[in-house]
Amino acid sequence: MLNDLLVAFQAVATIENFLIMAAGIWGGVIIGAIPGMTGTMAVTLALPFTFYMQPIPSILLLVALYKGSTYGGSVSAILIKTPGTASAACTTLDGYPLAQQGKAGKALNMALYSSCTGDFISNLSLIFIAAPLALLALRIGPPEYFMLMIFALTTVAGVSGRSLLLGLVSACLGLLLATVGEDMYGSFRFDLTVDMQSGLAVAPVLIGLFAIPELLKIIVFRNNQSHKPMQLGDNRVTRDELRRSLKAMLKGSMIGVVMGAIPGIGPSAAAFSSYGEAQRSSKNRENFGKGELEGIAASESANNGCCGSTMIPLLALGVPGDVITGVMLGAFMIHGMTPGPMLFENNLHEVYMLFIGMLFSSVLLFGAGKATMRFFSHISRIPPGLMAPIVLALCVFGIFSISNSMYDVIVLLAMGIFGFFMFLFAIPAAPFLIAFILGPMLEENLRRALALSRGDPSILVSSPITWLFASLAIFVVVVTIRQQLKKAKV
Amino acid sequence: MGITRGLVITVLFGIVLFLLIPAYVPRPRFIPGFAPPPDMWPRTVSMLGMALGILLVGLSFSRKTEAIADPEDASTIRGDTPLVTLLTRFGWTVLAFALFIGSVMLLGFLLSSILLLMAMLILTGYWRHKVVAAIVAVALPLVLYLFFSSALNTRFPVGSLFKAIGI
């Protein structure tokens, strides 16, 4: 393995790759720092551009965007009390009080150190866990895969949004839309127009669902005010402060790694769990919420700690745990690589290149964050009323360029309107997207399993692994319903 | 909100199950081996969706279970703005999208994009910064057009109007 990693190191360490990753990190931080723009949007907007790139640089670009935006979310959280991304919401609790005390620079620096630490540990976990897990996954067949995907979908549906039922409705809508076009045996379904025979491409559906509704929200609800950011002020994090926060940082990183690896959980939940744990175990617990650096260390290390580990189920099992890894799954497929156990058989060199590139991107995140902290503090001033139409232009040009087709642009805009209605009905978008991406695989595995068993559905609960995933899915459903009922009583 | 939402979901999946699947998912005469037919999966998903919709409606009637079916109050999203104003803004946006799609073949991709961007800047309320908004509306599509057509060799529609006048 070490030899393979060294060979991959040589392949990745080129100026071109470094520039791509640096651009990704910067782009991600910029997008993450703008309130209302999310990491998902950063990754989806970049997707059309990756069509023209080599496979590994394109995935590295998406990973760098993801990491950059996760850190970038903390910039606006600290400076204007508006988290750029949902996972940075926890950073606001202590970041903004520090900014009010004239210590915004200190808070941003602590967020950067913690993000890089969490990110690096997460990448190491990916390198050491993904391959053994993929080896295990090689032994499982269509019924087990089907149940694994059902479990992943149930978890995503349960934790996205406030209602499990609405999450499941969203997943059903995604599964249904994924059936448009040609099926695995060559039959056409829902081909209302000739264009629809080729199905709906991932990029316009995904970008339409996540980018366009934001524009519609701004237009319809006129939520358009810009914010005045705090000055950076006191910048340095002292050695003593760093030592005091180290425990929270390492613990947060581990929480991020574990929660990131479970499909559906994601960085927001990890950040809040880590914050809670840091507060519980800290000597300065009464200072949390008033401007405690340990609080920032805990939340930022945990949310960036998810970045690498969310790739574990994607690479090893071919199952995306959240929307961003869902987009990455699409990017892998565009380049002819199918994530899952066979990826380690067929594209081992590329996998190692990806590992090495991800380690490099942690270092680049630190460099880019340090060098341009002052610049990033101005980004949060860009008003959403200007930013949203710019994003629309990027989407329209990017989507058209993928296949030189107006059909994709129509799908993009239609999905945007559909996504807006989903927002109005409080139906979460994440389960829809994961279901749309997993849909064809889910159906293929189900139909294969039924073909193997000559139509007997009991094959879906015939092995201990299928039982395990089925029990986990039921467990998630029960726990989520109990939590929702409990919340309602409060 | 909970009941309306449940009904809309039920009707949506019902339309797919009873109208679209019979019309647009034909069963082939020969299916290899014991493979399930192509309509099996969409039917299963639609039935599940319909069941979830009915469940949402049912749960909305009971105070105890309302939280599972209807976790949010719609007025928190809407604020105090009258519904007519919201619908008008939404209608203008959809119209702008439709006009953009319709005008691409006539005016070409570049000019249509400039007009779309202008419309969006007006609708978001940013047009009051006229100079910045005008620069963005013209320069951004132009830069993107040049980037995609020269660097990535994308062939954007030129538009029949421009073709007719020989541009």
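## Contact between chains A and B

The contact draws on 55 residues of chain B and 58 residues of chain A. This is a predicted model. Its scores are ipTM 0.90 and pTM 0.77.

**The chain B side**

Which elements of chain B give two or more residues to the side that touches chain A? They are α1 (2-24), α2 (40-61), α3 (66-69), α5 (83-107), α6 (109-124) and α7 (130-151) of chain B. α2(B) gives the most, with nine residues. By class, this side of chain B has 42 nonpolar, nine polar and four charged residues.

**Confidence in chain B**

The mean pLDDT of chain B is 86. Of its residues, 87% reach 70 or more. Confidence within chain B is highest in α6(B) and lowest in helix α4 (residues 74-78) of chain B.

| Part of chain B | Mean pLDDT |
|---|---|
| Chain B | 86 |
| α6(B) | 94 |
| α4(B), residues 74-78 | 56 |

**One helix pair across the contact**

Helix α19 (residues 384-403) of chain A meets α7(B). Their axes come within 11 Å and cross at roughly 25°. Angles under 35 degrees count as roughly parallel. α19(A) is therefore roughly parallel to α7(B). The crossing of α19(A) and α7(B) is right-handed.

Which residues meet here? From α19(A) come A:Leu386, A:Ile390, A:Ala393, A:Phe397 and A:Ser401. From α7(B) come B:Val136, B:Leu140, B:Pro141, B:Leu144 and B:Phe148. The residues of this contact divide into nine nonpolar, one polar and no charged.

**A buried glycine in chain A**

A:Gly256 is found in helix α11 (residues 239-261) of chain A. Is A:Gly256 buried or exposed? A:Gly256 counts as buried because it has 35 C-beta neighbours inside 10 Å. The cut-off for a buried residue is 20 or more.

How many residues apart in sequence are A:Gly256 and A:Pro97? They are 159 residues apart. In space, A:Gly256 and A:Pro97 are 24 Å apart, C-alpha to C-alpha.

Note on methods: Residues numbered from 1 in each chain as written. Chains lettered and ligands numbered in written order. Predicted model: local features only at pLDDT ≥ 70, side-chain atom pairs only at ≥ 80, totals over all residues. Contact = placed C-beta atoms within 7 Å. Helix = DSSP H or I, 4+ residues; strand = E, 2+ residues; numbered from the N terminus. Nonpolar A, V, L, I, M, F, W, Y, C, P; charged D, E, K, R; others polar. pLDDT = per-residue confidence, 0-100. Buried ≥ 20, exposed ≤ 12 C-beta atoms within 10 Å, placed from the backbone. Axes fitted to C-alpha atoms, helices over the stretch in contact; angles between N-to-C directions. Parallel < 35°, antiparallel > 145°, perpendicular 65-115°, else oblique. Left-handed = near helix turned anticlockwise from the far one by under 90°.
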